[in-house]
Amino acid sequence: MDLVMYGLPEELPLEHELLASGMAMTLGGSSAITAHNLSLLGSKTGFIPQLADDPFTELCLCGLRHAGVDLSKAAAPKKGVSTGTTVLLQHEESRRAFTYSGTISALRYDDLDIDYLASGRHFHLSSYFLQSGLRKDVPRLLRTLRDAGLTTSLDTNDDPDDTWNDNIADVLREVDLLMPNEREVCCLANEPDVESAVVKLSKVVPSIVVKRGANGALAMHKGKRYTVPGISMNIVDVIGAGDSFNAGFLHAFVQGYDIAECLRIGNLCGAYSTTASGGTQAFRDCGRLRQFMEQHGIDQQLLMTREN
């Protein structure tokens, strides 16, 4: 779950009750947001979450079911583990995030139905550094699915320990598509700037897509560089914008669109998600989503293709 507080001052004094100007409670977690929005775009989407036995779990599942995500292989609830939760303090121009990883770090390789995962066309993994129960087995998981004929993608998200190591080199060798933001790509490559980082990582990963927020996005695919500019929007918040970008890019990717068009569609989806609270609320208005895509010249045949 994402619990969002809006309108907080930049300084947060201790022992003083601060009033927020607004609050939202929405489906959170990078993987869940990506799965939710992929499904509403029209991709047939399955998701394996680790469940807890608390009220937040059912709220999360309800949102995913409403979006049409297949949850039939969800891992059974584990005792003593609560639903992963992030409290986001939204300031005027920045935000703070406090995360309890809970169910995210409780998922294990043995909890996964590998045959079910192998029945797909593409496998996406998010929040690598939070998945402490799964991390050591991620190279094996990715290799197994690639051997089964799937393409694979990874969005590591942030590393709370700020080490950017922990088996990551072995993981990247099994990834077809890496999807970091600007800070993450520099940290993963241990390079001071985005361009150097992309060049370095492109020697290991066939395709790298970097999300640049208001500056749009860039991709390096088989030695060729692609860019799309940012889109001016009336922003409510940017929570989940990167995950929404992932959903748009991957939805087009599995349909066989070229990298340039995948990048453009991902960029549009990331921008669109900022028009409502959290990472999934905007996508629930499917009519408005289709209208937004039409305004930006997206072929409507791309949307609502769930049979694929």
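## Basis of the model

The expected span of a helix is 1.5 Å times one less than its number of residues, and helices (H or I, at least four residues) and strands (E, at least two) are DSSP runs numbered from the N terminus. This is a predicted model, in which local features need pLDDT of at least 70 and side-chain atom pairs count only at pLDDT 80 or more, while totals for chains, interfaces and linings use all residues. Residues are numbered from 1 along each chain as its sequence is written, and side-chain values use heavy atoms, with hydrogens and water left out.

## Overall form

The protein contains eleven helices and ten strands, and its C-alpha atoms fill a box of roughly 55 × 45 × 40 Å along the principal axes. For 308 residues, a compact globule would have a radius of gyration near 19 Å (taken over C-alpha atoms, by the rule of 2.2 Å times the number of residues to the power 0.38), and the 18 Å of the protein agrees with this.

Of the 308 residues, 52% count as buried, where buried means under 20% relative accessible area, exposed means over 50%, and partly exposed lies in between (1.4 Å probe, protein chains only). The protein exposes about 14,400 Å², of which carbon and sulfur atoms supply 50%; accessible areas come from the Shrake-Rupley method with a 1.4 Å probe, and for residues only the protein chains shown count as cover.

## Helix α1

Helix α1 covers residues 30-41, and its twelve residues should span 16 Å at 1.5 Å a residue, which agrees with the 17 Å between its end C-alpha atoms. Twelve of the twelve residues are buried, so α1 is largely enclosed by the rest of the structure; among them are S30, H36, N37 and L41. Just after α1, G42 takes a positive phi of about 125°.

## Salt bridges

The structure holds 16 salt bridges, each being a side-chain nitrogen of Lys or Arg within 4 Å of a carboxyl oxygen of Asp or Glu. One of them joins R65 to E58, with the closest N and O atoms 2.9 Å apart; R65 is partly exposed at 46% relative accessible area, and E58 is partly exposed at 44%.

In another, the side chains of D113 and K73 meet at 3.5 Å, N to O. D113 lies in the loop between α3 (103-106) and α4, and K73 in the loop between α2 and β3 (85-90), so the pair ties together parts that are 40 residues apart in sequence.

The side chains of R146 and D176 also meet in a salt bridge, at 2.8 Å, N to O. Because R146 lies in helix α5 (residues 138-147) and D176 in the loop between α6 (168-172) and β7 (177-178), this pair ties together parts that are 30 residues apart in sequence. Salt bridges that share partners join R143, R146, E174 and D176 into one network.

## A nonpolar surface patch

M5, M23, M25 and L59 form a nonpolar patch on the surface, with about 380 Å² of accessible area together. Patches are made of residues with over 30% relative accessible area and no salt bridge, with like charges joined within 9 Å and nonpolar side chains (Val, Leu, Ile, Met, Phe, Trp, Tyr) within 5 Å. L59 lies in helix α2 (residues 55-66) and is partly exposed, with a relative accessible area of 44%.
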